[in-house]
Amino acid sequence: MKNNFQPQLPAEGILINHDYGNTKTYTVVCECSSPDCSHTVWIEADASGVTVTTYTKQKTKFWSLNRFQIIWTLLTKGWVEYEASIIMTAQQSANYANVLQSASCDVVEFRKQT
Ligand SMILES: [Zn+2]
């Protein structure tokens, strides 16, 4: 597929929340406009490199497991599968990719200078 989507500034669907220099935080909104789907993304530079952390409301795979099976999986295996989806336009996904790239460079540069 030909890439016709150049990243925009300001960027559709990507909101900057905070810029702390070595950390930048963004909200990535869902096309369905429900705040329940939006992702909060932290991009931080530290000694080990860049850490990208995504916060979102996740839902268990309720269609494949009932509540007892979820509890049983947690008891016997120690983990439960969750999933989160977000709907983006092609333009927004280009913006998201660009924000990950440019913010990672920015936080690393900031850390080098301090
Ligand atoms: Zn949504």
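1. Thr-23 has Glu-44 in S3 as its bridge partner. The two strands concerned, S2 (residues 23-28) and S3 (residues 39-46), pair in the antiparallel sense over six bridges. Strands count as paired if DSSP finds at least two bridges between them.

2. The model is predicted: local features need pLDDT of at least 70, side-chain atom pairs count only at pLDDT 80 or more, and totals for chains, interfaces and linings use all residues. Residue numbers start from 1 along each chain as its sequence is written.

3. Four strands form an open sheet in the order S1-S2-S3-S4, with antiparallel pairing. Its edges are S1 (14-19) and S4 (49-55), each pairing on one side only. From one strand to the next, the twist averages 20°. Helix H2 (residues 90-113) packs on this sheet and touches S1, S2, S3 and S4; contact means C-beta atoms, placed from the backbone, within 7 Å. The direction of H2 makes about 30° with that of S3. Angles run from 0 to 180 degrees between N-to-C directions, with axes fitted to C-alpha atoms, for helices over the stretch in contact.

4. Helix H1 (residues 67-77) lies largely in the open, because the number buried among its 11 residues is zero. Buried means 20 or more other C-beta atoms within 10 Å of a residue's own; exposed means 12 or fewer, and partly exposed lies in between, with C-beta atoms placed from the backbone. After H1 comes Gly-78, with a positive phi near 90°.

5. The protein chain has two helices and six strands. Helices (H or I, at least four residues) and strands (E, at least two) are DSSP runs, numbered from the N terminus. Buried residues make up 14% of the chain's 114 residues.

Terms used. Contact = placed C-beta atoms within 7 Å.
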